[in-house]
Amino acid sequence: MRAVVADADGAVTRDGITVRYERHGSAAPSLVLLPTWSLVHARHWKLQVPYLARHYSVLSFDGRGNGRSDRPTGLAAYDPAEFAADTLAVMDATETERAVLVSVSRGVLWSLRLCAEHPERVLGAIFIDPIVPFAFPPAQRALLARFDEPVVEDPVGWEKYKAAYWKADYPDFVDFFIGRMFTEPHSTKQHEDAVAWALETDPATMIATNHGLRVSTAEVMGRLADRVRCPTLVIHGSRDAICRHSQGVALAERTRGALVTLEGSGHCPHLRDPVRVNLLIRRFVEGLGR
Amino acid sequence: MRARQPDRADVVERDGVKVAYEVVGQGDPGLFLIPSTPITHARSWKGLVPYLSRHHLVVTVDGRGNGGSDRPAASEAYGPDEVAADHLAVLDAAGLTRAVVIAHCHAVPWALRLAAEHADRVSGVVAIAPALGLAPRDEHWAEPTRRWADEVDDPSGWALCNRHAWLQDYPPWPRFFFDQLLPEAHSTKQYEDAVSWALDTDVETMIAEREGRDAPNDLDEAEALCRSVGCPVLVIHGTEDRCQPVARGRRLAELTGGDLVVLEGAGHLPHGREPVKVNRLIKEFVDRIEGAPMRGGVWTRGLDRPKRALYLSSPIGLGHARRDVAVVKELKRLRPELEIDWLAQHPVTSVLEAEGERIHPASAWLANESAHMASESCEHDLHCFQALRRMDEILVANFMVFQEVVEEGLYDLIVGDEAWDVDHFWHENPELKRGDHVWMTDFVGYLPMPDGGEHEAFLTADYNAEMIEHIARFPRIRDAAIFVGNPDDIVPDTFGGDLPGIRSWTEAHFAFSGYITGFTPPDPDEVPAIRAELGYHDDEQVCVVAVGGSGVGRALLEKLIAAYPLAKRRTPGLRMVVVAGPRIDPGSLTGLPSDPGLEVRGYVDRLYRHLSVCDLAVVQGGLTTTMELAAAKRPFLYFPLRHHFEQNFHVRHRLDRYGAGRCMDYATSDPDLIAAAIADHIGNPVAHLDVETDGAARAARLIAELV
């Protein structure tokens, strides 16, 4: 059973692609909990929504490619610009003039774009464990470059980050990847949840979504970060094995924002340390003033 | 002593009337604090200014009619136009283009008017116990208001609020009035303060202001004023407010769309009586309306955290520093993984630095309690109970620093060696507690000095009663309470009034560590070598006179110097070493004879070594030094500071139990008597009880149980 039911739900359709959203709560200001990589859908915010909705109007939507949203085919459908446009469409549909944007991991790719290109719609932005191409360690850059290469025999670890492997054994990749997300001991429930969400989509869709990261080069993302003027907060786990902590440090510096390090946390602390993350989001939003 | 001195104090002058203001601190937005002059003045904000000024530029104004401001005679001088013009002039002079205005009682309409007419200058209003005719006043005001100018026979109670009664004898009014306005138990200090500020002006001014004031008491006018305010408003109002009913505050919040915080059980002066809560409400409001950008930091997952403790050592005297360092050494032995930070002030920090201990940087924000105590003392006299009461604003200021530290610091354990602020304000605001709390003290119970009469006995009993009630109601605030001593060290007195005996209560509420010495006294066979090293010869009778690190001891030193010639006559071979300490210039001491047997020294490194091998010591009545002498089995004379209840009762009782030292009365000790006492005791073997040497280890074990 869900902790709270949505006060409103709806859908926006752009170019024939439908994205479904929910609104919880009604108090100002509005928060948009952005989609991240389509490996998961909006339920990954399940530990934030009930709390935040008691204080704010909280919008969330399933990113295209998972959940109740469409799973278009073709790389172009998964361009970061499309996710950003979906966000604006949801804000328009709910008459949300301005909002605080909260993103996790790959969600930074569209969140930064909105901050830079639509500053009048953004009150502030929180980036949790952001993926920051201009601060990629060389190994990560190399890994992404090999995405379309053949799979080695009996791949282990990050060797599974290949389109061909996903086609062959997507569930095994999911299990591996999510195992790297929750590096904290005693994370079985978070692991199970994330695996279940990941299996709601399919390998072909997931392969297409990789396009978003490919076009988000260091240069593109750096330029976007330099244009951010709103208050920002980066929350980053010190033991994040997906997006290294140094990436959060770099983004906080580049956007002149605050950095809160979660010592001992892995990737997606909003699922593993929900209380602290909830309080940090609240503190940031309250600190924006009326 | 004030907790925080203003950065700038000045006046603005309009039509020949000077209005005093002060500026302190920095940070946006600025805050403008307006008291309800002239019955009080800006000092009424003393519980708020030190805290708020650490985060904001704070401007306070005395207001015409009291404090450092002029007291114009004409009623017209107190009209709202004049007051409004004063406030703008102060804002201009202080360079405050925009501020959150914080006002009390009948200063609230002034603040609202400022907000309405100068919306660009006021970003928010905090209205404490607002005086606005938005709801009927309590019935007790009706008759005095109607008969203000009548001659009333033999007035009492609220009827004292009368022109003729004031002219005849004004003080009974503020005494009655503030008694009514502070219905909270244990408000003696707030009451004394309020009455004294009221008496800082004169009755003619009070009458002129009252008759010149044009407050919006009419309902329509008051509502119109509220509706004209566009900025955010916070109303703070006590339910037991007998000056302004809470219905007025409620209505103000409704009409302005503001927030109302009702303080259940609070009277009319919550900023005085509940300074911690009011400070936090104001800060929260200001942050909310103006924004408070997030600062980064580190939060560590629970299971990844090292165990951490914050140790607070009372800064009054150096004795606590040495004993706390001894406890921490033992604690580290028992719990090597424990990380310990210190929140401490000078002179404790000098000891800690020498020991390589980690001092929390927020220590720099603490107001100095030691300097306050020095400022409260004069010739061998320190009324330490009253000095502690007058330290109230320093305790609030330092508690607010402490609270910020523990809210950010993720401490598992807080150890407070006589950290009065922490213990008191956590009991007053129990929802603020963070971490386990160990309370340590070497005495329990305030005791009245005989010459304080019944009133002082009432005050000490009231303070004791509050402490007893605190602990009965919130036993969870002290996770451990350690008495530095033994049950027999506890005085045989009661807490006063109908309160229990101190010993039985203390035994029920404390664990006992035994005495904690900061050092180990030398074995008897080590003494000759130390004496030789220090240059004390076998044919000399060495008398060391020392007064510790404070400046309080000059009078005693000079008394001993004056007694030296007589003493030398009685005690051949007497060598008197007078240690002036770091705060007294040896050259400034008067009456120095030119005698090779008398020498005066400034600061002496490791003074305890001299004390532990001398033939006689002469000291004040402080616990640490006298117990060092008891532990070293030295004969000594001690002169308790006059009016110092701890030295006169608690320490003396303990020394009597050990059979150590001879207590001397400073006032009646003339040179002859002192010389005789020196001759009686110098070089005598002492046979008193051994002082335990395992106190630090026992205290550490009690603390370690919580870690």
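Predicted model: local features only at pLDDT ≥ 70, side-chain atom pairs only at ≥ 80, totals over all residues.
How many bridges join strand 1 (residues 8–14) of chain B to strand 2 (residues 17–24) of chain B, and do these strands run parallel or antiparallel?

1. Strand 1 and strand 2 of chain B run antiparallel and are joined by seven bridges. Within this pairing, Ala9(B) has Glu22(B) in strand 2 of chain B as its bridge partner. Two residues lie between the strands of the hairpin, and Asp15(B) takes a positive phi near 50° there.

2. Chain B overall. The chain contains 27 helices and 22 strands. Its C-alpha trace spans about 90 × 65 × 50 Å along the principal axes. The radius of gyration of chain B is 29 Å, which agrees with the value near 27 Å that a compact globule of 707 residues would have. Of the 707 residues, 52% count as buried. Among contacts in chain B with a separation of 6 or more, 73% are between residues 24 or more positions apart.

3. The six-stranded sheet of chain B. This is an open sheet with parallel pairing, and its strand order is 19-18-17-20-21-22. Strand 19 (598–601) and strand 22 (662–663) of chain B are the edge strands, each pairing on one side only. Inside the sheet, strand 20 (residues 616–620) and strand 21 (residues 636–639) of chain B run parallel and are joined by four bridges. The bridge partner of Ala617(B) in strand 21 of chain B is Phe636(B). Helix 22 of chain B packs on the sheet and touches strand 17 (541–546), strand 18 (574–579), strand 19, strand 20 and strand 21 of chain B. The direction of helix 22 makes about 170° with that of strand 18 of chain B.

4. Helix 22 against helix 26 in chain B. Besides packing on the sheet, helix 22 (residues 554–570) of chain B packs with helix 26 (residues 671–681) of chain B at an angle of about 55°, the axes being 8 Å apart. The two helices are therefore oblique to each other. Helix 22 of chain B passes helix 26 of chain B in a right-handed crossing. On the side of helix 22 of chain B, the residues that meet helix 26 include Leu560(B), Ala563(B), Leu566(B) and Ala567(B). On the side of helix 26 of chain B, those that meet helix 22 include Ile674(B), Ala675(B), Ile678(B) and Ala679(B).

5. Ser513(B). Is this residue buried or exposed? Ser513(B) lies in the loop between strand 16 (511–512) and helix 21 (527–534) of chain B. It counts as buried because it has 26 C-beta neighbours inside 10 Å, where 20 or more are required. Leaving out residues up to four places away in sequence, Ser513(B) touches Ile482(B), Val484(B), Gly695(B), Arg698(B), Ala699(B) and Leu702(B). The C-alpha atoms of Ser513(B) and Asn486(B) are separated by 7.0 Å, and the two residues are 27 residues apart along the chain.

6. Nine strands form an open sheet with mixed pairing, in the order 1(A)-2(A)-4(A)-3(A)-5(A)-6(A)-7(A)-8(A)-9(B). Its edge strands, each pairing on one side only, are strand 1 (8–14) of chain A and strand 9 (297–300) of chain B. On average, neighbouring strands of this sheet are turned by 20° against each other, direction ignored. Strand 5 (residues 99–104) and strand 6 (residues 122–128) of chain A pair in the parallel sense over six bridges. Ala99(A) stands opposite Val122(A) in strand 6 of chain A.

7. Helices on this sheet. Helix 9 (residues 245–254) of chain A lies across strand 6, strand 7 (232–237) and strand 8 (258–263) of chain A, and runs at about 170° to strand 7 of chain A. Helix 11 (residues 274–287) of chain A lies across strand 3 (30–33), strand 5, strand 6, strand 7 and strand 8 of chain A, together with strand 9 of chain B. Helix 11 of chain A runs at about 155° to strand 6 of chain A.

8. Helix 5 against helix 6 in chain A. Helix 5 (residues 163–181) and helix 6 (residues 188–198) of chain A pack at an angle of about 140°, with their axes 10 Å apart. These helices are therefore oblique to each other, and helix 5 of chain A passes helix 6 of chain A in a right-handed crossing. Among the residues of helix 5 of chain A that meet helix 6 are Val174(A), Ile178(A) and Met181(A). Those of helix 6 of chain A that meet helix 5 include His191(A), Ala194(A) and Val195(A).

Note on methods: Residues numbered from 1 in each chain as written. Chains lettered and ligands numbered in written order. Pairing = 2+ DSSP bridges. Rg over C-alpha atoms; globule rule 2.2 N^0.38 Å. Buried ≥ 20, exposed ≤ 12 C-beta atoms within 10 Å, placed from the backbone. Contact = placed C-beta atoms within 7 Å. Axes fitted to C-alpha atoms, helices over the stretch in contact; angles between N-to-C directions. Parallel < 35°, antiparallel > 145°, perpendicular 65-115°, else oblique. Left-handed = near helix turned anticlockwise from the far one by under 90°.
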